[in-house]
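Keep the structure open as you read.

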Amino acid sequence: MKFLLLATTLTLTLGAQAQRPVYLDETKPVEQRVEDALKRMTLDEKIAVIHAQSKFSSAGVKRLGFTDFWTDDGPHGVRPDVLWDEWEQAGQTNDSCVAFPALTCLAATWNPTMARLYGHSLGEEALYRGKDMILGPGVNIYRTPLGGRNFEYMGEDPYLAGRMVVPYVQGLQANGVAACVKHYALNNDEEYRHQVNVVVSDRALHEIYLPAFKAAVIEGKVWGIMGAYNLYKDQHNCHNAILLNQILKRDWAFDGVVVSDWGGCHDTDQAVRNGLDMEFGTWTDGLTMGKTNAYSSYYLADAYKRAIREGRYTERELDDKVRRVLRLFYRTTMNRQRPIGFLCSEAHYDAARKIGNEGIVLLKNRQNVLPIDTLTARNILVVGENAVKMMTVGGGSSSLKVQRELSPLDGLRATLAPRGVNIVWERGYVGDTNGSFNGVTSGQDLSESRTPDRLVADAVSKARKADYVVFFGGLNKSDYQDCEGHDRKEYGLPYGQDRLIEALAKANRNLIVVNISGNAVAMPWADRVNAIVQGWYLGSETGHCLADVLTGRVNPSGKLPFTWPRTLDDVPAHRLGTYPGTWRPDHKIIDEEYKEGLYVGYRGVDRYKTRPLFAFGHGLSYTSFRISNLRVDKTTMTHDGKLTFTVNVANTGKREGAEVIQLYISDLQSSLPRPVKELKAFMKVSLRPGESRDVTLTIDNAALSFYDDSRGVWTSEPGDFEALVGNTSDKPNLKVRFKLTDGLH
Ligand code: GLC
């Protein structure tokens, strides 16, 4: 009887399996399922899946069982839900999140393991929140310290950004949630972002601005790419034939979807022919204004459907778009193996704290003012608005509604009050008293009645009597600061902070300046301050991260992901006067020529012999390291070979710490001009006091190559090269020469 029952069940199951259509049969290859689904879809259904149906969602195919597809911002945490067709809050009480540190901080960890942890944690939050695509991370290159969204990106160097974006994407997508790497490409400043036509050499495009996107596609296997608002060669980047059809889809064989930035699509014919697959946010500027319920009037909606029906297009382009969207569905909404999501878990707070701890950069520590001597310190004065101001609200689309955000002041109090340390706060200056974005409010009352002079006097009078003064200042997420939509108008610190810092430095030699920003800022007082820390936007665990480092619970190991110029004139984009560009007579387009070409960041420092305040890759520690004995496994290499460099790293101090060994390559005889040196490998290593270890760094032909714009190919040339190894770009003290014998033509 049992056997009969089993046989019957088996027959029924096989029968059901056999009857299940291919597109629903999980035993079949995805591409076969895509083709079967495509065949079954009507024109209306095909058109419906390639454009938005609400602010952040696009349609599935109800009749076939494909659920709607939900995107959400952003790179640092999952944005709270807005109303179907509004930027304003949906008023839900279930969508608070963990805010992870901003991506400049992640880049400053120089630790790909942190990037994997970041992406994986964010992916779990997104999955729990029912999001199928996170609109991030951003990897636009830091070209000017005025850039409003640099805090959302990974610094000035394409190699560092590439090494960090790959594990972030892999970690996120391991949850069956798509990453959408943005903003492709050349969206390097915010001013006039919808009208900028970037004029850039092919070499700079391929060697500086594209590599991080290329790594995300080829190594990270990213499922989404977001087109940028700006133009390149007079075509908007959300439907740009060169960037999308030729480079992304043909040369890099990208099999995912190209998503427009919100409002980045401007033309049906270009959208059809030039590689746009999903149109979002049209008729909005991506932040505020917008036509209500305009979805059927999208460029890839009724207009496109009508044009097909009138025979102006076949369904060839449409089917390519729909195939990509279906593939995305099978990777996300139709992926029934997706893991479990988690929201606001202890693991996510731990991850945020760990990443923040590893990203904070100790810029200066004269006379070892830091770490704070918590045994002897009795009175600490904390000064500055950024000691209390919530930074997870604001900044544009990356703004969040957090479950909690611990301020620097509260972090220090939580750490030191139990040890009997008395901590007093003085405002010092008034910055941005607003605290809301898209209806999310910080709830803080930052109003202030005292005059600036009174504020400074009050802070200074207390500073004279304190054991330590910790100043938390810098920028914030308000407009024309570190914020989407505009760039900063000045390189210096706003709100009269310089004057206050000078006064505090005079009042107390144990002044510690913690700069909270996503950008470099002028520091005219740097010689008169003993301790300077780059604190970044650290998210929910801000207070713990900063207190951990300032009190020595954690030994800082962050390194700058961008050059810190003394003045704006040291920055090639400003030195050559090409920022923000030149308006055309019709004042519709502004041409911004990247005249500096390859010489961005430290590449510009080497080219123009400027002297930055702090170099790319710079970061101090509470211990000390010796890097010595550089050797290489052979002194010649072929284009299909590899070279392995080894150095010994010793912790010569009294406490555990981590150092980042950086390897730069210099092409000593190239037929085309090349930067003096370029970062081509790095490794972060933790050592106990007295411990030493050999660290090996391996390079291949890619590390020697450059883009030959006369032939449109990457190439390497035989000849002499030099490897320079150190722990910062301005002092790569160890050098060794080697030869490439055959080059790749
Ligand atoms: C914004 C941003 C983009 C964001 C999108 C949705 O304007 O440029 O980064 O993901 O629109 O908010």
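The lining of the second largest cavity splits into six nonpolar, three polar and six charged residues. The model is a predicted one, so treat the picture that follows as computed. This cavity has a volume of about 110 Å³. Of the 15 residues that line it, Asp73, Asp261, Trp262, Gly286 and Ser397 sit nearest the centre.

What about the largest cavity, and how much space lies in it? About 170 Å³. Its lining takes in 20 residues, and those nearest the centre are Thr563, Asp570, Val571, Pro572 and Gly601. By type, the lining of the largest cavity has ten nonpolar, five polar and five charged residues. Two helices stand out in that lining: α18 and α19 (602-608) each give at least two residues to it. Counting every cavity of 30 Å³ or more brings the number to seven.

Now zoom out for a moment.

On to charge pairs. Side chains of opposite charge can pair when their charged atoms come close. The whole structure holds 65 salt bridges, and three of them are set out here.

| Salt bridge | N to O distance |
|---|---|
| Arg331 and Asp255 | 2.7 Å |
| Glu659 and Lys559 | 2.7 Å |
| Asp591 and Arg584 | 2.8 Å |

Start with the salt bridge between Arg331 and Asp255. Arg331 belongs to helix α12 (residues 316-331) and Asp255 to the loop between α9 (241-251) and β9 (257-259), so this pair ties together parts 76 residues apart in sequence. Asp255 has a relative accessible area of 32%, so it counts as partly exposed.

Next, the salt bridge between Glu659 and Lys559. Glu659 is in strand β23 (residues 657-667), while Lys559 is in the loop between α17 (542-550) and α18 (572-575), so the pair links parts that lie 100 residues apart in sequence. Are these two residues, Glu659 and Lys559, buried or exposed? Both are buried.

The salt bridge between Asp591 and Arg584 has partly exposed residues at either end: Asp591 has a relative accessible area of 22%, and Arg584 comes in at 25%.

Salt bridges also join up into a network, which links Glu385, Glu426, Arg427, Glu448, Arg450, Arg454, Asp458 and Lys462.

Finally, back to β23, the strand that carries Glu659. Why can we call β23 largely enclosed by the rest of the structure? Because eleven of its eleven residues are buried. That holds for both faces: Gly657, Glu659, Ile661, Leu663, Ile665 and Asp667 point one way, Ala658, Val660, Gln662, Tyr664 and Ser666 point the other way, and all are buried.

Then there are the strands that β23 pairs with. Nine bridges connect β23 and strand β24 (residues 678-687) in the antiparallel sense, and in this pairing Val660 stands opposite Lys684 of β24. Strand β28 (residues 719-726) also runs antiparallel to β23, joined to it by six bridges. Here Ser666 is the residue opposite Glu722 of β28.

Note on methods:
Residues are numbered from 1 along each chain as its sequence is written. This is a predicted model: local features need pLDDT of at least 70, side-chain atom pairs count only at pLDDT 80 or more; totals for chains, interfaces and linings use all residues. Side-chain values use heavy atoms; hydrogens and water are left out. A salt bridge is a side-chain nitrogen of Lys or Arg within 4 Å of a carboxyl oxygen of Asp or Glu. Helices (H or I, at least four residues) and strands (E, at least two) are DSSP runs, numbered from the N terminus. Buried means under 20% relative accessible area, exposed over 50%, partly exposed in between (1.4 Å probe, protein chains only). On a 1 Å grid over the protein atoms alone, a cavity is a set of points where a 1.4 Å probe fits but cannot get out, and a pocket is an open set with protein on both sides within 12 Å along at least five of seven lines; lining residues have an atom within 4 Å of a point. Grid points are joined across faces, edges and corners, and a volume is the space filled by probe spheres set on the points. Ala, Val, Leu, Ile, Met, Phe, Trp, Tyr, Cys and Pro count as nonpolar, Asp, Glu, Lys and Arg as charged, and the others, Gly among them, as polar. Two strands pair if DSSP finds at least two bridges between them.
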